Amino acid sequence: MVRLSWFLARRYLASRKRGRLLSFITWIALGGITVGVTALIVVIGVMDGMQKELQDKILGATPHLVVLERGNSLRMSGWRDIAVRVQENTSVQAVTPFALTKVMVIRGADFAQALDLYGFDLGAPPEEAATETEAELRRQLSDLEATEGELPPVVLGELNAARMGLFPGDTIFVIAVENMGFTPMGTLSPAIRRWVVAGTFGTGMYDYDMNNAYAPLEQVQSLLGMRTDDQVSGLGVRIVDPWVAEDVGIALQAELGPLYYTESWITTNQSLFSALRLEKLAMGVILFLIVIVAAFNIVSTLVMVVVDRTSEIGILKSMGMSDPQVLRVFVLQGFAIGVLGTFLGTSFGLILSWILDRYEIIRIPPDIYFIERLPVSVDPVDIAIIVGGSLLISLVATIYPALQASRLEPVEAIKHE
């Protein structure tokens with residue numbers, strides 16, 4: 001009987017005039033499902049790709065966790081003992097000190113740019129770095145330590161260096177307001193140093209490449225007046241699993257005591273990732289409405305088939321076909337449209353996602369979206385949810401017209417002929 005139901009379902013899918021071709025309204029329903037599933041897969045893939053790309057860029061340029069000392073300024077004394085205690089945690093891979101301050105970089109007399117200046121230890125092995133950017137700088141720029149009498153070196157982001165027209169070997173003035181001193185006239189004066197551009201770096205993250213600069217830790221300590229007391233701004237920590245950074249931070253904070261606190265990369269970028277998750281949810285709901293609209297086309301298709309085939313349904317029922325068998329015929333007919341549309345939409349969506357990711361067709365402004373290209377990442381879980389949701393909606397759409405067909409009385413149905 002299932003074979004008979006499927007045979008009749010295929011017959012009813014076809015047009016009366018051209019039995020091998022789907023009817024026009026069936027094509028409309030099929031196209032709606034296909035377009036809806038394709039749009040869902042591509043858009044959700046773009047949202048996932050954007051989030052993954054940003055996560056990779058952030059994890060590559062910032063520590064998984066930072067340990068700071070409570071106070072009015074970024075100052076940590078006795079950091080060597082703290083670093084040893086942090087390293088004892090089994091989840092910690094590396095601990096490195098850093099100095100951080102906001103500086104003004106001046107090129108000549110016609111251009112000034114505010115930057116975040118990071119000081120890090122160039123002498124440590126790259127595998128002990130807290131970030132990929134720091135490790136890469138250690139590998140490439142290990143000879144940057146300034147010799148006696150030479151200018152201190154600084155490494156700028158490639159976008160910022162291009163904006164300021166700076167090249168390796170050019171000199172700049174670095175001004176820090178944290179280490180203010182009094183002049184003989186009794187006025188406050190910021191710390192001013194003349195440094196040399198030793199190179200550039202690129203992370204692919206617009207915000208970092210535009211606003212960050214790196215220099216040897218000792219030089220930044222000297223600029224901020226922290227070198228005498230051997231102070232740093234804090235400790236950067238790399239852990240085995242970045243996704244448990246908050247739990248590790250809580251454990252370290254309990255171990256170190258109330259004088260110290262921790263901040264994870266998840267907490268620091270929480271607003272950004274929350275906005276991306278909300279945008280993904282909103283776009284998913286909006287685009288799923290396309291599939292629901294296509295489901296209404298399935299309903300209308302089946303209703304028209306029931307009206308068109310009323311007399312045939314009456315004849316079949318008079319020959320002994322039961323209500324559940326008639327119900328199965330129209331459920332199979334509508335569900336076949338949903339299955340085929342979902343399959344085509346999934347195929348087109350995966351192909352289009354691969355093309356967008358492989359050939360980087362769409363470029364986006366990095367100053368707005370932080371990255372330069374439109375990334376696409378296809379998550380199997382998202383694909384399963386989209387496919388399952390589409391099939392479920394298609395199945396639900398068949399219930400009402402199929403019930404109406406199964407409830408037709410043979411005498412009343414034949415009377416219409």
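Gly 345, leaving aside its neighbours within four places in sequence, is in contact with Thr 34, Val 37, Thr 38 and Ile 41, where contact means heavy atoms within 4.5 Å. This residue has its place in helix H12 (residues 323-359); helices (H or I, at least four residues) and strands (E, at least two) are DSSP runs, numbered from the N terminus. At 0% relative accessibility, Gly 345 counts as buried, a term that stands for under 20% relative accessible area, while exposed stands for over 50% and partly exposed for what lies in between (1.4 Å probe, protein chains only). The C-alpha atoms of Gly 345 and Val 35 are separated by 6.2 Å, although the two residues are 310 places apart along the chain.

The model is a predicted one, in which local features need pLDDT of at least 70 and side-chain atom pairs count only at pLDDT 80 or more, whereas totals for chains, interfaces and linings use all residues. Residues are numbered from 1 along each chain as its sequence is written, and side-chain values use heavy atoms, with hydrogens and water left out.

Just after H11, Gly 320 takes a positive phi of about 115°. In helix H15 (residues 399-406), the buried residues are Pro 401, Ala 402, Ala 405 and Ser 406. Their arc around the axis is only 135°, which puts them on the same side of H15.

Turning to the strands, E2 (residues 92-107) pairs in the antiparallel sense with E8 (residues 234-239) over six bridges, pairing being assigned if DSSP finds at least two bridges between two strands. Within this pairing, Ala 94 has Arg 238 in E8 as its bridge partner. E2 is also joined by ten bridges to strand E3 (residues 111-120), and these two run antiparallel, with Tyr 118 in E3 as the bridge partner of Leu 100.

The loop between helix H7 (217-224) and E8 holds Asp 230, whose phi is near 50°, a positive value in a residue other than glycine. Most residues other than glycine have a negative phi. Asp 230 is partly exposed, with a relative accessible area of 26%.

The largest pocket has a volume of about 680 Å³. A pocket here is, on a 1 Å grid over the protein atoms alone, an open set of points where a 1.4 Å probe fits, with protein on both sides within 12 Å along at least five of seven lines, and lining residues have an atom within 4 Å of a point. Of the 31 residues that line the largest pocket, the closest to its centre are Ala 61, Thr 62, Pro 63, Leu 100 and Tyr 118. E3 gives the most to this lining, with four residues.

Key
Grid points are joined across faces, edges and corners, and a volume is the space filled by probe spheres set on the points. The arc is that of the directions from the helix axis to the C-beta atoms.
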